[in-house]
Amino acid sequence: MPKTVLLTLGRLPKALELARALHQAGARVIVAEPFGLHVCRASRSVAKSIRVPAPNANPAAYLDALEAIVRQEDIDIVVPVSEEALHAASLAGRLPARSRLYCPPQHKLARLHDKLAFNRAADLIGLTVPETHEGHTPAALTLAAAQDYIVKPAHGCSGIGVSLRRKGDPLTPADRQPGMLVQARLPGRHVSSLSVARDGEILATALYQGRIYSGTVSVSFERVDDCPAAASWIRRFVEAEAYTGFISFDFIEDAQGVPCAIECNPRLTSGVHFLNPDGLAQAVLNLPEARPIAMRPVRAFQEGHTALLEVYGALFRPREFFRRLKAFLTSQDVLFRLNDPLPFFLFTPMSWPVLRQAMFEKVSLGEAATRDITWIPPEDRPGVPFDSEVRHGAAVPGT
């Protein structure tokens with residue numbers, strides 16, 4: 001039977017990729033989105049787009065709106081897409097019996113999203129992770145004095161608040177505030193991943209690396225096929241967690257090919273563009289024929305509008321300009337489809353809520369796209385619906 005699926009975000013290309021895959025499989029796709037304009041709204045793969053409150057502005061109203069959509073539209077499956085997943089996971093227990101949520105329980109998402117708690121959980125099962133400490137601890141001071149390091153927020157996303165430091169650079173008062181982490185800065189290749197898992201079994205893992213960046217966010221990326229140790233690392237972690245849903249990691253691979261996971265993102269990422277749409281839809285819809293998901297034959301993808309801006313941005317640096325131009329000319333756009341052309345041609349006007357913030361509030365595109373949906377821990381926001389207390393840094397493997 002055809003199913004009705006609710007995506008809880010529509011502004012990002014990865015949401016469009018998922019919507020197209022589900023529509024192609026015969027599903028009716030509805031998008032709930034705090035922005036009035038977003039790229040999925042222009043797609044013929046989306047049956048309806050419904051505006052909802054931003055979860056950071058009014059978490060209770062956001063959940064009420066999602067629940068109302070589920071009941072009014074007879075939703076079979078709710079699929080969180082990005083940072084809003086930690087908010088949307090609170091729908092568990094509020095859905096009709098016929099509806100299900102395609103993500104783990106909120107306490108598990110929150111624990112993996114917390115960069116220190118994830119670090120401790122991976123270390124407990126013997127997986128390689130960099131030395132990481134809370135910024136206010138003596139251990140953080142020792143680490144900063146001993147080697148190059150990174151300062152980052154425990155609950156950050158899109159590279160917001162990340163600072164690269166040299167050995168011996170002093171920690172500032174801001175670095176030592178609650179919620180800030182100090183992590184060893186490792187040399188090597190940066191490899192990202194996206195996996196689709198079911199009850200601890202990997203259905204697909206896409207490994208990829210950036211070619212062109214907008215700030216710290218990759219807008220052109222290519223598949224990586226020569227890092228089997230990262231795939232093995234992911235398999236061990238997913239099995240230990242008995243994980244179901246989308247899960248992503250960032251690794252630094254050293255010269256010997258050993259991957260070290262610097263953080264976990266328990267959500268969809270740009271790696272979705274590498275997955276075969278039929279297999280992806282079967283996994284999300286939980287169809288009987290669901291099986292391991294094949295990779296698409298395309299080796300490199302890009303968000304062409306943003307990538308082109310970054311190419312022009314290197315115009316007066318000839319070597320970098322031609323490197324970026326080559327990457328741009330050899331990547332497939334993630335938006336353009338002959339049978340669904342409007343998201344590509346209307347991307348700029350449909351992205352106005354993000355562009356307006358970037359232009360007039362002087363924030364990065366990554367921050368503008370996520371600031372209203374990012375996760376704020378419950379201890380920092382009294383009264384937020386939360387199904388299980390998860391304190392910063394707590395590692396509880398297997399829960």
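This is a predicted model: local features need pLDDT of at least 70, side-chain atom pairs count only at pLDDT 80 or more; totals for chains, interfaces and linings use all residues.

User: OK, so is Phe118 buried or exposed?

Analyst: Phe118 has a relative accessible area of 1%, so it counts as buried.

User: How many aromatic pairs does the structure hold?

Analyst: There are 18 aromatic pairs. One of them is Phe118 with Phe237, an edge-to-face pair at 5.5 Å centre to centre, with 70° between the planes.

User: Where do Phe118 and Phe237 lie?

Analyst: Phe118 is in helix α5 (residues 115–124) and Phe237 is in helix α7 (residues 228–241), so their pair ties together parts 119 residues apart in sequence. Phe237 is buried too, with a relative accessible area of 1%.

User: And what about the rings of Phe118 and Phe249?

Analyst: That pair is tilted, because the planes sit at 40°, with the centres 5.9 Å apart. It links distant parts of the chain, with Phe118 in helix α5 and Phe249 in strand β13 (residues 245–253), 131 residues apart.

User: Which residues do ring pairs link into a cluster?

Analyst: Phe118, Trp233, Phe237, Phe249 and Phe251.

User: Switching to helices: how do α9 and α10 cross?

Analyst: The axes of α9 (residues 304–313) and α10 (residues 318–329) come within 9 Å and cross at roughly 160°, so the two helices are roughly antiparallel. The crossing is left-handed.

User: Which residues meet there?

Analyst: From α9, Gly304, Ala307, Leu308, Glu310 and Val311; from α10, Phe321, Arg324, Leu325 and Phe328. The contact residues divide into six nonpolar, one polar and two charged.

Note on methods: Residues are numbered from 1 along each chain as its sequence is written. Side-chain values use heavy atoms; hydrogens and water are left out. Axes are lines fitted to C-alpha atoms, for helices over the stretch in contact, and angles run from 0 to 180 degrees between N-to-C directions. Helices (H or I, at least four residues) and strands (E, at least two) are DSSP runs, numbered from the N terminus. Angles under 35 degrees count as roughly parallel, over 145 as roughly antiparallel, 65 to 115 as roughly perpendicular and the rest as oblique. A crossing is left-handed if the near helix is turned anticlockwise from the far one by less than a right angle, and right-handed if clockwise. Contact means heavy atoms within 4.5 Å. Ala, Val, Leu, Ile, Met, Phe, Trp, Tyr, Cys and Pro count as nonpolar, Asp, Glu, Lys and Arg as charged, and the others, Gly among them, as polar. Rings of Phe, Tyr and Trp (its six-membered ring) pair if their centres lie within 6.5 Å; planes under 30 degrees apart count as stacked, over 60 as edge-to-face and the rest as tilted. Buried means under 20% relative accessible area, exposed over 50%, partly exposed in between (1.4 Å probe, protein chains only).
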